[in-house]
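Grab a pencil and work through these exercises with the model open beside you. Try each task before you read its solution.

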Amino acid sequence: MWKCMLALVVAGNDPAATGLSASDLSAPVRLLANGQPINVDVGHAAPFYADLKGDGKGVLLVGQFGQGKLRLYPNIGSKNDPRFDKFDWLKVGGAECSVPAG
Amino acid sequence: MDLDGDGIGDIITGSWPGELYFFKGKGKGEFAAAVKLQDTKGKDIKLGSASTVFAADWRGTGKLDLLVGNIQGEVLLVPNKGEPRHHAFGAPLKLAAGGQMIKAGHGDSHPIAADWDRDGKLDLIVAGGDGSVTFYRNIGSKTEPKLAKGVTLVKAASSPNLNDEAPPPKEATPGMRAKICVVDWNGDGHLDLLLGDFGMSYGPKPKLTEADKKIEKEANARLQESRKKLQPFFDEYFKRLNDGARPDEPAEAKQEREKKAQEVLSRKEFQAVQAEQTKIYETIRRFQRPFSYSGNVWLYLRKPPAAAAR
């Protein structure tokens, strides 16, 4: 299989040939927090996922339009099955911080 | 992203005015107050409004460069010409793919770098204001990336018509203004896609009685009239705003023109028509579909290559 894929990659840039296209992806599902779809204030969700705490499980960061703030959802599930419940706002020195959003 | 190379993850973000903000990670989930990222000349890096930023070793130098998106939908590379623990950002360069400058659909580009095709080189993935996501394969090398023509990963979102009679969709679908993150979500060794959106969910068009339809029709007619009445004020506003504008004029002269132009919009006659127009909009609104905005995070799991190739 891998040899075959490699050959296709070498063969050229035809996306159909490499299978790198929209068909690469499963149908989208919304991420939940506390059983409800994550829904940020005034929309404009901007996600990022990284192991910020160094616990190997990751934190889901979601930026929002409302006040230009950033939500941090710690992964309360496992590494390969992330789950979310409550979030904290990104804070600096105990105070919520933001960037100009509009 | 660990922009300062101290082994602790930092946060970088764009902003509506355009400046880029750096929150230095202090460990244990703590961050320092934001500072604006600057170039080697000490100027704030500002490459257009509605900026987005991603740090990646795009040129294979071992240092993190910046990929910046903006409201025009461009993708800019800001090369890091500093040392591993001391960034120094040089002059930005607009990125092209397949021989054309990259332009995200409806602007509002959000570029990120990831080895999406697992060939050991970073590729570029760009989300756009229309909700689309495009994959640009790196057909160059690690140190001299060259991008192939884009391949659509996620199609542009459809925007709802608030006046038509079609039933609302049963299921929510991803909206506009996509912002993305690529990560192996389920640990299967394949990169998956997270997409944040600005969505709109809406209900059915209200059933209108004959009386409602009459009111709606009249309101639309009055709207046209009020637009006609406002036009001369806007014409005068722009005339005053642009009258005598020069590229080299002093800031005071520009402010003076803006003040003179603003005077037109502060006139009582203008404000009266505008207040009337607001009321007309409220009336029309009653006959449109009810709607609400959302900002969800969508997960697109990557199918294993074998399944995708079928």
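**Exercise 1.** In which strand does A:Val92 lie? Then work out how exposed A:Val92 is, and list its contacts beyond its sequence neighbours.

*Solution.* Keep in mind that you're looking at a predicted model.
- Step 1: find A:Val92 in strand E8 of chain A, which covers residues 91–92.
- Step 2: count C-beta neighbours inside 10 Å. There are 15, so A:Val92 counts as partly exposed; the buried class would need 20 or more, and the exposed class 12 or fewer.
- Step 3: skip the neighbours within four places in sequence, and you're left with A:Cys97, B:Phe31, B:Ala32 and B:Ala33.

**Exercise 2.** Why is strand E4 of chain A largely enclosed by the rest of the structure? Find its partner strand too.

*Solution.* 
- Step 1: check residues 46–50, which make up E4(A). Four of the five are buried, so the strand is largely enclosed.
- Step 2: E4(A) pairs with strand E5 (residues 59–63) of chain A, antiparallel, over five bridges.
- Step 3: pick one bridge: A:Tyr49 has A:Leu60 in E5(A) as its partner.

**Exercise 3.** How many residues of chain A are in contact with chain B? Describe chain A's side of the meeting.

*Solution.* 
- Step 1: 47 residues of chain A touch 53 residues of chain B.
- Step 2: E4(A) gives the most to chain A's side, with five residues.
- Step 3: sort that side by class, and you get 29 nonpolar, 13 polar and five charged residues.
- Step 4: E1(A) and strand E19 (residues 297–300) of chain B are antiparallel over two bridges, and A:Arg30 stands opposite B:Trp298.

**Exercise 4.** How many residues does the largest nonpolar core have?

*Solution.* 
- Step 1: the core has 73 residues, and those with the most contacts inside it include A:Val62 and B:Val133.
- Step 2: zoom in on B:Val133. Among the residues it touches are B:Ile125, B:Leu153, B:Ile180 and B:Leu195.

Terms used. Residues numbered from 1 in each chain as written. Chains lettered and ligands numbered in written order. Predicted model: local features only at pLDDT ≥ 70, side-chain atom pairs only at ≥ 80, totals over all residues. Pairing = 2+ DSSP bridges. Contact = placed C-beta atoms within 7 Å. Nonpolar A, V, L, I, M, F, W, Y, C, P; charged D, E, K, R; others polar. Core = buried A, V, L, I, M, F, W, Y, C linked by C-beta atoms within 7 Å.
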